[in-house]
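Student: Could we go through this structure together? I would like to know what stands behind each label.
Tutor: Gladly; let us take the labels one at a time.

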Amino acid sequence: MDKLFDPGLFLPPLIGGGLIGLAAALMAVLNGRVTGVSGILAGAVSGSSADRGWRLAFAAGLLGAPILYGAFDPSGLAIGDIASPPLLALAGALVGVGAGLGSGCTSGHGVCGLARGSGRSLAATVAFMTAAGLTVFILRHVIGG
Amino acid sequence: MPTIVAAGVAGLIFGVGLMLSGMARPDVVIGFLDPLGHWNPALGFVMVGAIPVAAMGFALAKRRGRAALSGKLHFPDRKDIDASLLIGAIIFGVGWGIAGVCPAPALTLFLRAPIVGLTFMGPMLVGLWFAPKLREWAVRRRL
């Protein structure tokens with residue numbers, strides 16, 4: 001609970017969130033696009049080649065961000081505790097299929113959709129937050145130690 | 001070309017935001033999803049920071065009626081809440097809960113831990129490619 005009132009702990013997420021919002025705002029104003037990363041990648045994988053340029057450029061920006069960030073805060077490059085390879089692969093498959101079927105992910109529905117006041121995105125966000133919370137509960141408190 | 005540069009810069013800013021906020025660390029994300037454990041509210045603050053800023057961008061874009069660099073606005077306009085949306089969101093949520101990784105952070109993992117990044121990203125890209133075919137199959141079977 002002290003994390004809520006300690007600026008050292010809530011400011012980085014708040015400012016980092018602001019940067020994420022800024023990226024989405026730039027994409028909206030400059031390119032007329034919703035910054036749903038699952039959709040951006042799906043279009044790069046399956047869509048027409050005319051579209052591919054900006055999609056790959058956005059992905060390249062994300063891929064390269066650690067280089068820029070690491071120049072200021074090398075310790076922030078650490079990945080922390082990570083799931084085992086089989087679980088990572090399963091998780092990746094579920095995230096990909098789910099975002100594809102559900103027309104979006106945390107950035108598309110959770111940030112952009114809510115920012116646009118979309119009822120569809122609100123429903124999707126509630127659904128995936130609930131599913132994620134239940135999954136973590138089962139893995140950590142029912143099955144896990 | 002300007003559209004491509006803008007997208008690249010936006011991706012860079014997004015990625016830096018993810019890293020600064022802790023969202024590029026799966027354990028921090030799972031910490032938010034685990035209120036009964038050691039709850040980490042960081043993800044909540046990320047949303048509080050991101051949504052209003054994004055909202056201003058969308059409002060400005062809508063008011064202008066066009067994209068500054070590429071002309072047309074490509075904002076989705078569906079309003080219906082259908083089975084595909086909800087089932088997809090649930091499946092996504094389960095995957096997200098298992099590893100605490102979703103598409104954008106996954107890409108920031110690649111340079112930091114290439115094998116980890118690829119182990120998640122490979123199946124994710126396959127899943128994204130496969131999902132429309134799955135949806136077509138379900139529609140044809142009238143599911």
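Tutor: Helices (H or I, at least four residues) and strands (E, at least two) are DSSP runs, numbered from the N terminus. By that rule, chain A reads α-α-α-α-α-α along its sequence, with six helices and zero strands. This is a predicted model, where local features need pLDDT of at least 70, side-chain atom pairs count only at pLDDT 80 or more, and totals for chains, interfaces and linings use all residues. Residues are numbered from 1 along each chain as its sequence is written, chains are lettered from A and ligands numbered from 1 in the order in which they are written, and side-chain values use heavy atoms, with hydrogens and water left out.

Student: Why does A:Asn31 count as buried?
Tutor: Buried means under 20% relative accessible area, exposed over 50%, and partly exposed in between (1.4 Å probe, protein chains only). A:Asn31 has 1% relative accessibility, so it counts as buried. This residue lies in helix α1 (residues 7-31) of chain A. Leaving aside neighbours within four places in sequence, A:Asn31 is in contact (heavy atoms within 4.5 Å) with residues including A:Leu26, B:Thr3, B:Ala6 and B:His74.

Student: What share of chain A counts as buried?
Tutor: Of its 145 residues, 52%.

Student: What span is expected for helix α1 of chain B, and what span does it reach?
Tutor: The expected span is 1.5 Å times one less than the number of residues. Helix α1 (residues 2-21) of chain B has 20 residues and reaches 28 Å from its first C-alpha to its last, close to the 28 Å expected.

Student: Is α1(B) mostly covered or mostly open?
Tutor: Mostly covered, as 14 of its 20 residues are buried. After α1(B) comes B:Gly22, with a positive phi near 90°.

Student: What makes a set of residues a nonpolar core?
Tutor: The members must be buried Ala, Val, Leu, Ile, Met, Phe, Trp, Tyr and Cys residues, joined through side-chain atoms within 4.5 Å. Here the largest such core has 76 residues, and A:Phe58, B:Phe14 and B:Trp96 have the most contacts inside it. Helix α3 (residues 42-64) of chain B gives the largest share of this core, nine residues.

Student: Which residues does A:Phe58 touch?
Tutor: Not counting residues up to four places away in sequence, A:Phe58 touches A:Met27, A:Thr35, A:Val37 and A:Ile40 in chain A, and B:Ala7, B:Gly8, B:Ala10, B:Gly11 and B:Phe14 in chain B.
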